[in-house]
Amino acid sequence: MSDVLDELVWRGLVAQSTDEEALRSHLAAGPVTFYVGFDPSAPSIHFGNLVQLVVARHLQRAGHRPLILVGGSTGLIGDPKQTSERNLNEPEVVAGWVQRIQAQVSRFLDFEGDNPATLVNNLDWTASLSTLEFLRDVGKHFPVNRMLARDVVRNRLESGISYTEFSYVLLQSLDYRELFRRHGCTLQFGGSDQWGNITAGVELVRRSEGERVHALSTPLLTKSDGTKFGKTESGTVWLDPEMTFPYAFHQYFLNAEDAKVVEYLKVFSARSRQEIDELARLTETEPHRRAAQKALADDVTDLVHGVAAREEAVAAAGALFGRTELGELSESALAAAVAEVGAVQVSGDLPGVAEAMELVGVVASRSAARRAITEGGAYVNNRKVTDAEARLTPDDLLHGRWVVLRRGRRTVGALTTRG
């Protein structure tokens with residue numbers, strides 16, 4: 001069972017640990033009950049959370065027992081942000097998000113067998129906890145000077161931090177102790193930005209229970225310029241398919257940088273070292289093939305959305321860029337692809353092709369559109385248009401709604417007759 005730690009290290013999934021050799025011995029003597037937590041701060045978890053679910057899968061497959069915590073109480077408070085106070089969400093909103101996120105995370109782990117995963121909610125042990133009990137039983141173990149020394153608190157002292165957010169670390173630490181008491185949990189992990197909260201839980205168990213427990217953190221994935229991996233110009237990459245369509249999800253990973261794609265493959269793909277080494281070689285010797293990016297996009301989309309959704313996303317991309325027939329796409333697949341491209345809505349009579357190309361932004365002007373048409377570089381629904389005076393007709397509307405316009409091989413836009 002200790003081999004899993006070597007695997008996690010090779011895959012770049014370990015940033016810090018309380019004591020690597022002690023943890024290695026602990027895992028070897030397993031099975032170990034471990035936990036990772038997710039706060040419901042939105043209706044869905046995002047791509048950054050996927051790193052933790054991947055670690056949980058590795059540990060479970062090595063024979064260890066997962067506890068997956070969705071924080072019904074910590075979600076009501078919110079971990080302190082580096083810059084400003086969080087807005088507190090209504091309890092009924094948070095409760096709804098808890099249910100949605102529990103359903104999401106459940107897809108990644110096995111809830112049957114010899115080491116089944118268990119879902120837990122910290123509201124179960126905090127809802128009935130009185131203020132006096134909390135202060136006496138938990139707060140007593142937290143020196144204020146240590147809490148003030150935490151980076152996020154120190155950064156917020158000048159601008160101000162509420163007692164609510166200041167005390168968040170106590171709540172998360174209580175989770176570790178409660179799971180230790182209830183389930184024998186002896187390992188917690190999370191993102192490196194949570195390291196202070198995680199080690200505070202280790203310390204609470206030591207102080208109040210006289211027991212040694214373990215912790216590790218995963219690194220924050222970044223792009224080559226240092227910005228967060230998992231963010232796009234339009235916002236967060238969500239795991240909920242209604243918030244980030246599988247098409248957009250797949251496209252995001254297809255665009256991974258050569259300098260980083262092998263790092264991401266190690267983290268998110270279940271491929272062997274030999275397979276990943278070969279993809280690394282191809283990235284260096286034949287980067288134009290983008291073999292590693294295709295493998296990454298396929299593997300992560302399979303993991304999050306399933307094979308059928310990935311196949312539909314690949315088909316939509318092929319059709320959008322003229323490699324297959326647009327008319328063969330389902331309405332949902334085409335809707336996702338068009339949403340990613342961005343569709344311009346028109347009303348009344350359909351415009352001419354040249355006007356439509358200008359409207360959707362595949363050319364800079366009407367004259368440029370006419371020139372593209374006469375030069376053979378204009379397409380309506382992947383059908384070449386050669387008449388500069390051609391007009392769109394209702395027959396051009398895919399699923400009665402969309403028209404896809406393309407200039408050359410890669411410049412694509414769309415219009416729709418309704419929102």
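1. Starting with the helix pair: Glu 312, Ala 316 and Leu 320 of helix 17 make contact with Ser 332, Ala 333, Ala 337 and Val 341 of helix 18. Sorted by class, that contact comprises five nonpolar residues, one polar and one charged. Bear in mind throughout that this is a predicted model.

2. How are the two helices arranged? Two packed helices are described by the angle between their axes and the distance between those axes. Here helix 17 spans residues 307-320 and helix 18 spans residues 331-341, and they pack at an angle of about 60 degrees with their axes 9 Å apart. Angles of 65 to 115 degrees would count as roughly perpendicular and those under 35 degrees as roughly parallel, so helix 17 and helix 18 come out as oblique to each other. As for handedness, helix 17 and helix 18 cross in a right-handed way.

3. Next, have a look at the peptide bond between Gly 30 and Pro 31: the bond is cis, and omega is near 10 degrees. Pro 31 sits in the loop that runs between helix 2 (20-28) and strand 2 (33-38).

4. Is His 64 buried or exposed? The relative accessible area of His 64 is 0%, and anything under 20% counts as buried, so His 64 is buried.

5. On to backbone torsions. Arg 290 has a positive phi, near 50 degrees, and Arg 290 is not a glycine. You'll find Arg 290 in the loop between helix 15 (273-285) and helix 16 (291-305). With a relative accessible area of 30%, which falls between the 20% and 50% cut-offs, Arg 290 is partly exposed.

6. Asn 381 also deserves a look: phi is positive here, at about 50 degrees, although Asn 381 is not a glycine. Asn 381 is located in the loop between strand 10 (378-380) and strand 11 (383-384). What is the relative accessible area of Asn 381? The value is 12%, and because the buried class covers anything under 20%, Asn 381 is buried.

Methods. Residues numbered from 1 in each chain as written. Predicted model: local features only at pLDDT ≥ 70, side-chain atom pairs only at ≥ 80, totals over all residues. Heavy atoms only, no water. Helix = DSSP H or I, 4+ residues; strand = E, 2+ residues; numbered from the N terminus. Buried < 20%, exposed > 50% of the residue type's maximum accessible area, 1.4 Å probe, protein only. Axes fitted to C-alpha atoms, helices over the stretch in contact; angles between N-to-C directions. Parallel < 35°, antiparallel > 145°, perpendicular 65-115°, else oblique. Left-handed = near helix turned anticlockwise from the far one by under 90°. Contact = heavy atoms within 4.5 Å. Nonpolar A, V, L, I, M, F, W, Y, C, P; charged D, E, K, R; others polar.
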